[in-house]
Amino acid sequence: MEAVFIKIFNMSIAAGWLILAVIVLRFLLQKAPKWLTCTLWAIVAVRLICPFTFESAFSLIPSAETVSPAVVRYAPEPAIDSGIPAIDGMLNPMIGETFAPAPGASVNPLDIWAFAASIIWVIGLVAMFEYAFISFLRLRGKVREAVPLQNHAWICDGVKSPFILGIVKPRIYLSSSIDAEQTKYVLTHERAHLKRGDHIWKPFSYVLLAVYWFHPLVWAAYILFCRDIEFACDERAVKDMSFDGKKAYCHALLSCSMPGGMRVSYPLAFGEGRIKERVKHVLHYKRPALWAMLAAVGACAVVAVCFLTDPETDVSVETTDVPYDDMSETSNTPHDDEFETSNVPYGDEFGTANPPHNDVGTITFVGVIVENTMDSVKPLILVQPIEAEISYDHICFVLPDDMADWATQINSVVSITCKDAFEETQPPFGELISISRAESSHDLQAMFRTFGISIQLPGNSNWIQNIEYRQPDEDHLEIDYHDAILDADCKLLSIRDGMPDLPDIVYDETLEETWQGTSSSGQAVYINLQRSADSTQVLASWEYEEYQFALLADVPAKTGDLGAIAKTAITVISHLE
Amino acid sequence: MAEIQLGVIESRFAEIIWEHEPVTSSELVKLAAEAFSWKRTTTHTVLKRLCNKGLFENNNGTVTSLITRAQFNSLQSRKFVEETFDGSLPAFIAAFTRDNALTPEEADKIRAIIDRA
């Protein structure tokens, strides 16, 4: 629930900027028809309802996530990101100090506060709904004694100002002492409300108000929206009236606004009574010129794009080695230019691609759990990566509640897939995607020790997936994996002092290629890349010292560029000592 | 006797009783349903209210009047109560207007604006 409140809070901050923009635009568009202004409010409603939106470069929203749930929970130095440096600079030192957790504390103070705030929010929400419900029941009781007048119009004692009740089957209720002249105009107005659907929009916007009751700008939006509805309705009602008709309409408006014989004080709810303004609007309103209308619509569209979309979030690319870096510097093979044309999935390896959405690359590595804290709100583990292309010595992860015990045991070896971006805290925090038991480091280490060398595939889990190691005997090592870029199942065979047992496949000699990789000791290693005539069977083979390697791939479709195979080989070679 | 204030619809209901009295409550329910589309419970509620105000009495299901129509009319100030509405309309209801606190001066000013246009 706390997460819901934080999300709502962030959404309200973003919407607040939109509301400010709409208020300004509404002021500038005073001469425009009010239905346009109502459309602007509809945009505000969309912003308040949709948890997700597009990101665009045109967004004027400073920050889509002012309060990050992760920060609230775990950050040793809580801070907000409002997107405005001035505000951040002012508030964050205070927040950091006030809400800094005591060392050794299992829960962040900010977390407790967030929880308390969410409780208060729910209480307010319930209160708003209760008020609405009780008022509605009261009205319903009153109109039980109503008598039908015509169509959907009824008259009732004890009703001063005509209103509409009901969403599915709306009914217009008029005062029983209304005179015939007024009836005509009042019904026109109320029918205009019905035609515009206001009997639905008003309660609907009240629901939004109930959810966002804590935000003063949302109240302002609601009040202004209610006013604009009345103006728009007046416009619609008097659309086809003669000028005299409009005057009579205003008189009716006036009479219905005046207290009768017994003066009862009515609290002025939300200032809708702005009779003078409404009268003036009805009498003086004229449809603006076409160009003005177009300009106004254009301005609304601009507001929508600028404030309905979220700011683009930067893709943070860290740590991963670019396996091709070595090659592009040292190789002089005929395939040099191929390295430049990278596909997007390699993007995070190059650090140049900027995916349109908040999509950081992921990385899979094997690590051993060196520490855990079970008494914090969520279990935390401290993982030491082994055999991984990560520059950190230790990384901290939060485990979901339902994690199995083995996942938290110290010395347990795990295969972790996480986002390729780490929070620069002490220790660094990572965002866990999945965790599974791994070949015990001892097993893997043992395997490599027996075999004599260690074999390392590229760590990008968008590329190399489902890795399985097998050691039939101490001179053989087999690794099965899936190459997601080629959508190919691959097998890497390594043999010491021997030749790999290769399947009987006929390779097309004219399609043979040679690639070059460099070992970590600087030795050049040449890779022979063979493929069958239809390019579905690929074999990359090379030798290093007393080892023979054969990488077999079963590629589904006829892909021209089998660079991924060569690049995998090059990565393996780059880790050979 | 003190002034008894009735709303427009209440008066119409009272008329029905005067016209048909003595009338059984079930017959009255039927008449009210015809004239007003009222539910049984509604008719009973209003009847009870009028009885409490001293106009009618309900003896074992038969409704009779305590004062005649003529007597009642002579007691009235001829002004129907327009507002027994004890509270403002809730904000989420679409209405004609909510402003009921206009002073006579403000009203005159607005009337002038309309007439001048």
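In chain B, 60% of the contacts between residues at least 6 apart in sequence join residues at least 24 apart; contact means heavy atoms within 4.5 Å. In chain A, residues 24 or more positions apart account for 63% of the contacts with a separation of 6 or more. This is a predicted model, in which local features need pLDDT of at least 70, side-chain atom pairs count only at pLDDT 80 or more, and totals for chains, interfaces and linings use all residues. Residues are numbered from 1 along each chain as its sequence is written, chains are lettered from A and ligands numbered from 1 in the order in which they are written, and side-chain values use heavy atoms, with hydrogens and water left out.

**Chain make-up**

- Chain A has 15 helices and 16 strands. Helices (H or I, at least four residues) and strands (E, at least two) are DSSP runs, numbered from the N terminus.
- Chain B has five helices and three strands. From the N terminus on, its elements run α-β-α-α-β-β-α-α.
- Of the 577 residues in chain A, 51% are buried. Buried means under 20% relative accessible area, exposed over 50%, and partly exposed in between (1.4 Å probe, protein chains only).
- Of the 117 residues in chain B, 47% are buried.
- Chain A exposes about 27,700 Å², and carbon and sulfur atoms supply 58% of that area. Accessible areas come from the Shrake-Rupley method with a 1.4 Å probe; for residues, only the protein chains shown count as cover.
- Chain B has an accessible surface of about 6,000 Å², of which 51% belongs to carbon and sulfur atoms.

**Nonpolar cores**

- The largest nonpolar core has 45 residues. Such a core is a set of buried Ala, Val, Leu, Ile, Met, Phe, Trp, Tyr and Cys residues joined through side-chain atoms within 4.5 Å.
- Leu29(A), Leu40(A) and Trp41(A) have the most contacts inside this core.
- Two or more residues each come from α1 (2-28), α2 (34-49), α5 (109-142), α7 (198-211), α8 (216-237) and α11 (290-308) of chain A. The largest share, 10 residues, is from α1(A).
- Apart from this core lies another, of 39 residues, among them Leu444(A), Phe448(A), Leu457(A) and Leu562(A).
- Trp41(A) touches Ile19(A), Val22(A), Ile23(A), Arg26(A), Ala221(A), Leu224(A), Phe225(A) and Asp228(A), not counting residues up to four places away in sequence.
- In soluble globular proteins, nonpolar side chains tend to be buried together.

**Open sheet in chain A**

- Four strands form an open sheet in the order β1-β2-β4-β3 (chain A), with mixed pairing. Two strands pair if DSSP finds at least two bridges between them.
- Its edge strands are β1 (147-150) and β3 (163-165) of chain A, each pairing on one side only.
- Neighbouring strands of this sheet are turned by 40° against each other on average, direction ignored. Axes are lines fitted to C-alpha atoms, for helices over the stretch in contact, and angles run from 0 to 180 degrees between N-to-C directions.
- Strand β2 (residues 153-156) and strand β4 (residues 171-175) of chain A run parallel and are joined by four bridges.
- Cys156(A) has Ser175(A) as its bridge partner in β4(A).

**Helix α15 of chain A**

- The 12 residues of α15 (residues 563-574) should span 16 Å at 1.5 Å a residue, and the end C-alpha atoms are 16 Å apart, which agrees. The expected span is 1.5 Å times one less than the number of residues.
- All 12 of the 12 residues of α15(A) are buried, so the helix is largely enclosed by the rest of the structure. Lys567(A) is one of these buried residues.

**Ile395 of chain A**

- Ile395(A) lies in strand β7 (residues 395-398) of chain A. Ile395(A) is buried, with a relative accessible area of 0%.
- Phe429(A) is 34 residues from Ile395(A) along the chain, yet their C-alpha atoms are separated by 5.8 Å.
- Leaving aside neighbours within four places in sequence, Ile395(A) is in contact with residues including Phe365(A), Ile381(A), Phe422(A) and Phe429(A).

**Strands of chain B**

- β1 (residues 23-24) and β3(B) pair in the antiparallel sense over two bridges. Thr24(B) stands opposite Thr62(B).
- β2 (residues 56-59) and β3(B) also pair in the antiparallel sense, over four bridges. Glu57(B) has Thr64(B) as its bridge partner.
- Two residues lie between the strands in the hairpin of β2(B) and β3(B), where Asn60(B) takes a positive phi near 50°.
- Side chains alternate along β3 (residues 62-65) of chain B.
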